[in-house]
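The exercises below are meant to be worked through slowly, with the structure open beside the text. Each one sets a task and is followed by a solution in steps.

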Amino acid sequence: MNRRFDAVVIGAGQAGPPMAGRLAASGKKVALIERNLIGGTCVNTGCTPTKTLVASAYAAHLARRAADFGVKAGPVGVDFAAVMARMNTVVGNSRSHLTAWLQGMENCALLQGHARFLSPSTIKAGDDVLEAERFFINVGGRAVIPGFPGIDRVRTLTNTTLLKLDALPRRLVVLGGSYVGLEFAQVFRRLGASVTVVEKAPRLVSREDEEVSDAIRETLEAEGVEIRLQSECIRFEPRGAEIAVGVHCTAGEPEVLGSHVLLAVGRRPNTDDLGLEAAGVEVDAHGYIVVDESLKTSVPHIWALGDCNGRGAFTHTSYNDFEIAAANLIDGSQRKVSDRTSAYALYIDPPLGRVGLTETEARAKGHAVRIGRRPMTRVSRAVEKGETKGFMKVVVDRDSDAILGAAILGVGGDEAIHGVIEAMGAGVTASAYTRVMAIHPTVSELVPTIFGELSP
Ligand SMILES: Cc1cc2nc3c(=O)[nH]c(=O)nc-3n(C[C@H](O)[C@H](O)[C@H](O)COP(=O)(O)OP(=O)(O)OC[C@H]3O[C@@H](n4cnc5c(N)ncnc54)[C@H](O)[C@@H]3O)c2cc1C
């Protein structure tokens, strides 16, 4: 017999649980279906474990630099098992708090199983068939397994399997020089592995301005991470206990050897096994669910939230999707996904905080721009902390004085960028920003100064 609900939420990632919570609190009868771990990618195999590892790696790095601060730390060793145990504790606590909240939620049935649509108004989850008036799809994504020659002949890792290792890789080859790959590369280097990053493009994180890519490369190379750019000939071959990764065909060392290979070349949405055809929900050429400005799919009573709609690839974009859908549906608001400004961070050390357009993007869109820049060597707080790598940069529209974007690559950059995020959200102009009184000594205090020193 079919079970009837007001709403079914598919996936307990970053948007599903709060959506279930808001609906249940408004008196609706809700089912939340999860096929794997509560908390999805961010909690289990994404943000939380990686940022916990970043913290361990930073501790090892700082301990090695202890003498710079007049501190005697002795020889520094890394206990990999303890590092992973700490990570598992943090992840486990986060998952169990979320699980307990969902299990105790009135009006909400938490179901374990793979969900698949049977029709626009019915869905199968394990042995249950559920009927509902509304559906919220929050199925997230997974690592792309690229079709490079020889990939089926060697053992490779993804972000999920790498986090299950019980011994430090001797030599890690990271395929992909973007956000996920670079965080792991620096972490494992600092924990004691040899690391090579293999990237097809001519530079790392190629959606950033070139000076950002170059500075990141310098930082990683200074720590001993080998970077192989323009790798046009990627292929794999077993070589004894090692894996040979083909890099270049024409110039330079043609291959690198690794004890382990991490695939970090992108993500794909979990929409291929959801029965979307039976529901009549449209997807694009890459499998992302097509949504309108209010995150409704091609079927008006079905919404798609988070990574699976292709409108963002972060925890905060997924959560913001929930906020938009809930505000429109429950509070009668008229919020749109295009109202938000793009913002994210790359958690290498020093971190990169980013908001809005890069200089290259702004110019490509036809803006006449003014640029503000300051190296972290001229930020007192960075000097006092002994962490002066990187720089800050702001991009302003010359005609309107509107802030178009900013990058803070430096100590505290992931936090300091929030001043600019909030200013852009509130429509504060560059000139108005210069009048802000900031706290000394902070990294943030120099942001108003930079807005006051723009190029003509
Ligand atoms: C290594 C790594 C590090 C990251 N670090 C950060 C970071 O620092 N900051 C940040 O903002 N973002 C980060 N991200 C991205 C972030 O994790 C994702 O953007 C975020 O988790 C997306 O959330 P979501 O709600 O869309 O989906 P997910 O969190 O992926 O959740 C989807 C859920 O749906 C379930 N599901 C899928 N299909 C079905 C089905 N058919 N039936 C039932 N359940 C199903 C899945 O099991 C999963 O639990 C990182 C990602 C990775 C891989």
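**Exercise 1: around the ligand**

Which backbone N or O atom lies 2.9 Å from an oxygen atom of the ligand?

Solution. Before starting, keep in mind that this is a predicted model, in which local features need pLDDT of at least 70 and side-chain atom pairs count only at pLDDT 80 or more, while totals for chains, interfaces and linings use all residues. Residues are numbered from 1 along each chain as its sequence is written, and side-chain values use heavy atoms, with hydrogens and water left out.

Step 1. The atom asked for belongs to Thr315, whose backbone N or O atom lies 2.9 Å from a ligand oxygen atom; a polar contact is a pair of N or O atoms within 3.5 Å, and within protein one must be able to donate a hydrogen and the other to accept it, with residues adjacent in sequence counting only if both atoms are side-chain atoms.

Step 2. A backbone N or O atom of Cys42 lies 3.2 Å from an oxygen atom of the ligand, whereas in Glu34 it is a polar side-chain atom that lies 2.6 Å from a ligand oxygen atom.

Step 3. Widening the view, there are 39 residues around the ligand, and Gln14, Glu34, Thr41, Asn138 and Asp307 come nearest; a residue is near a molecule or strand if one of its heavy atoms lies within 4 Å of it.

**Exercise 2: aromatic rings**

Find how Tyr319 and Phe322 are arranged as an aromatic pair, and say where they stand in their helix.

Solution. Step 1. The whole structure holds 9 aromatic pairs, where rings of Phe, Tyr and Trp (its six-membered ring) pair if their centres lie within 6.5 Å, and planes under 30 degrees apart count as stacked, over 60 as edge-to-face and the rest as tilted. The pair of Tyr319 and Phe322 is edge-to-face, with 5.1 Å centre to centre and 65 degrees between the planes.

Step 1. Both residues belong to helix 9 (residues 315-330), and because they are 3 residues apart there, about one helical turn separates Tyr319 from Phe322. Helices (H or I, at least four residues) and strands (E, at least two) are DSSP runs, numbered from the N terminus.

Step 2. Tyr319 is partly exposed, with a relative accessible area of 38%, but Phe322 is buried, at 6%; buried means under 20% relative accessible area, exposed over 50%, and partly exposed in between (1.4 Å probe, protein chains only).

Step 3. Elsewhere, Phe80, Phe184 and Phe188 form one aromatic cluster.

**Exercise 3: strands and their partners**

In what order do the 3 strands of the open sheet follow one another?

Solution. Step 1. The order is 11-12-13, with antiparallel pairing, where two strands pair if DSSP finds at least two bridges between them.

Step 1. Strand 11 (235-239) and strand 13 (255-258) are the edge strands, each of which pairs on one side only.

Step 2. Between strand 12 (residues 242-246) and strand 13 there are 4 bridges in the antiparallel sense, and Ala244 stands opposite Leu257 of strand 13.

Step 3. For a parallel case, turn to strand 8 (residues 171-175) and strand 14, which are joined by 4 bridges, with Leu175 opposite Leu263. From strand 14 (residues 260-263), His260 and Leu262 point one way and Val261 and Leu263 the other way, and all are buried.

**Exercise 4: backbone details in loops**

Step 1. Asn107 lies in the loop between helix 4 (80-103) and strand 3 (108-112) and is partly exposed, with a relative accessible area of 37%. Leu295, in the loop between helix 8 and strand 16 (302-304), is buried, with a relative accessible area of 0%.
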